[in-house]
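Here are a few notes to read alongside the model. I hope they are handy as you look through it.

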Amino acid sequence: MSARKKYTFIDLFSGCGGLSEGFYRMGFTALAHVEINHWACETLRKRMRYYGYKNIEKEVVEKDITSEDILAEIDKAVSGRIVDVIIGGPPCQAYSILGRAIKSAKDRELAPEDIMEDPRNFLYKMYCRFLKKYHPAMFVFENVPGILSAGNGKYFKNIQTYLHRLGYETEAKELNSSEYGVLQNRKRIIIVGWLHGTGHTYPDLEKVEHNYKVKDLFC
């Protein structure tokens, strides 16, 4: 029996690596992380050291993802290797229902169209730029449930259209981390996409029943 393929991934809008941690634990190889916040990058570097990575300074790209030379930086990290999966999700404040309510309450003088033109609403285009460049077999796009209603649903529809144009079939589901063994009631929209004709589908995730309480974290 042949050894299992070592799948690779690029992590966009990495934060401190919460999403990529699951891929590490499943044996995927990180080719690059892209994150603008310095301290989040320091956490990413420490996790990569923990998992035995050597070229950490090259593979953690501490840079604005909209930078003109961002793809050149990622190319250095990828070093010609095949990218199997791209993961990540743009900053969620622009899509967050709570975030929109707070912004509206603090900034009554802003017209609705000004709020809808928040530049973070369009960072999904940067995600798609990476899909177009590396053409991975699959991707995982994570964001808050408010992404479905932001701009009266316009942004989510635009995202789906853009992804389909790039050759991907997609499916979106709302998942709650508390149903998968996590001590947090955290709902997220997880979009999974795969290239047309590959036969891939949305993973069948098994829910985990538990009776954990917050106090169990400190026992």
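This is a predicted model: local features need pLDDT of at least 70, side-chain atom pairs count only at pLDDT 80 or more; totals for chains, interfaces and linings use all residues.

1. Residues are numbered from 1 along each chain as its sequence is written, and side-chain values use heavy atoms, with hydrogens and water left out.

2. Helix 8 spans residues 154–165 (helices are DSSP runs of H or I, at least four residues, and strands runs of E, at least two, numbered from the N terminus). Its buried residues are Tyr 155, Phe 156, Ile 159 and Leu 163 (buried means under 20% relative accessible area, exposed over 50%, partly exposed in between, with a 1.4 Å probe and protein chains only). They cover an arc of only 100° around the axis, which puts them on the same side of helix 8 (the arc is that of the directions from the helix axis to the C-beta atoms). Exposed Lys 157 and Arg 165 lie on the face turned away from that buried side.

3. After helix 8 comes Gly 167, with a positive phi near 100°.

4. The structure holds 13 aromatic pairs (rings of Phe, Tyr and Trp, the last by its six-membered ring, with centres within 6.5 Å; planes under 30 degrees apart count as stacked, over 60 as edge-to-face, the rest as tilted). Phe 9 and Phe 28 pair edge-to-face, 6.5 Å centre to centre with 65° between the planes. Phe 9 is in strand 1 and Phe 28 in the loop between helix 1 and strand 2, 19 residues apart. Both are buried.

Methods
The expected span of a helix is 1.5 Å times one less than its number of residues.
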